[in-house]
Amino acid sequence: MMILCKIFLLTLTLLPVEDIKWQRVDTEEQISFLFPNYPQKLQKLVQGIPSTIYQTKDLTCVAGVVCSDLSSKNIKLDNETAMLFYEELKKGTLAMETAILKNESSVPYENLLIKEIEYSIIKGKYEMTYYKRFIFRDNYIYQISIGGRTRHLDILQKEREVFFNSITFSSKHS
């Protein structure tokens, strides 16, 4: 019986990502994206900035979207301010002792500043790889991330493509 369970679990991890029924998540924060299942939604207030966090996981990956609304701080996000925020957020992301920055790039997209980092950490006895995008739009900072064990990098990269390519933005609410 135990061997059947192991075979079943192994088979599940080998299924192609395309077979997963990804769900569209439309948010009040003007961003929409696909998740492999229904997300948990949390509200946080960090240094007076309201943030909404959407997070989920499947058999191999964890994914999250953090939407921070700077409207209450009367901060106008121009390129210079956005780059300052990006450097601070990147530094905070890589603050773990085992974090190693593997790649950093800019992502071209319709006049938005989008920066992406790839990094790894050691979590317990496993190496984990994460991809994180920082998107600066209107008065929002979006932090979009997906990660998993480095040994499942092929699955992680497929899910990353589905997840990152699913992101769309809506117009401001009137």
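Analyst: Seven strands make up an open sheet, arranged in the order β3-β4-β5-β9-β8-β7-β6 with antiparallel pairing. At its edges stand β3 (40-46) and β6 (100-106), each of which pairs on one side only. Neighbouring strands of the sheet are turned by 15° against each other on average, direction ignored.

Some terms and conventions are needed here. This is a predicted model, in which local features need pLDDT of at least 70 and side-chain atom pairs count only at pLDDT 80 or more, while totals for chains, interfaces and linings use all residues. Residues are numbered from 1 along each chain as its sequence is written, and side-chain values use heavy atoms, with hydrogens and water left out. Helices (H or I, at least four residues) and strands (E, at least two) are DSSP runs, numbered from the N terminus. Two strands pair if DSSP finds at least two bridges between them. Axes are lines fitted to C-alpha atoms, for helices over the stretch in contact, and angles run from 0 to 180 degrees between N-to-C directions.

Contact means heavy atoms within 4.5 Å.

Strand β7 includes Ser120. With 3% relative accessibility, Ser120 counts as buried, a term that means under 20% relative accessible area, with exposed over 50% and partly exposed in between (1.4 Å probe, protein chains only). Beyond its neighbours within four places in sequence, Ser120 has contacts that include Ile100, Lys102, Met128 and Thr129.

Helix α3 (residues 153-165) lies across β5 (61-69), β7, β8 and β9, and runs at about 155° to β9. The expected span of a helix is 1.5 Å times one less than its number of residues; the 13 residues of α3 should therefore span 18 Å, which agrees with the 18 Å between its end C-alpha atoms. Its buried residues are Ile155, Leu156, Glu159, Arg160, Phe163 and Phe164. Viewed down the axis of α3, these buried residues fall within an arc of 145°, so they line one face of the helix. The arc is that of the directions from the helix axis to the C-beta atoms. An α-helix has 3.6 residues a turn, so residues three or four places apart point the same way.
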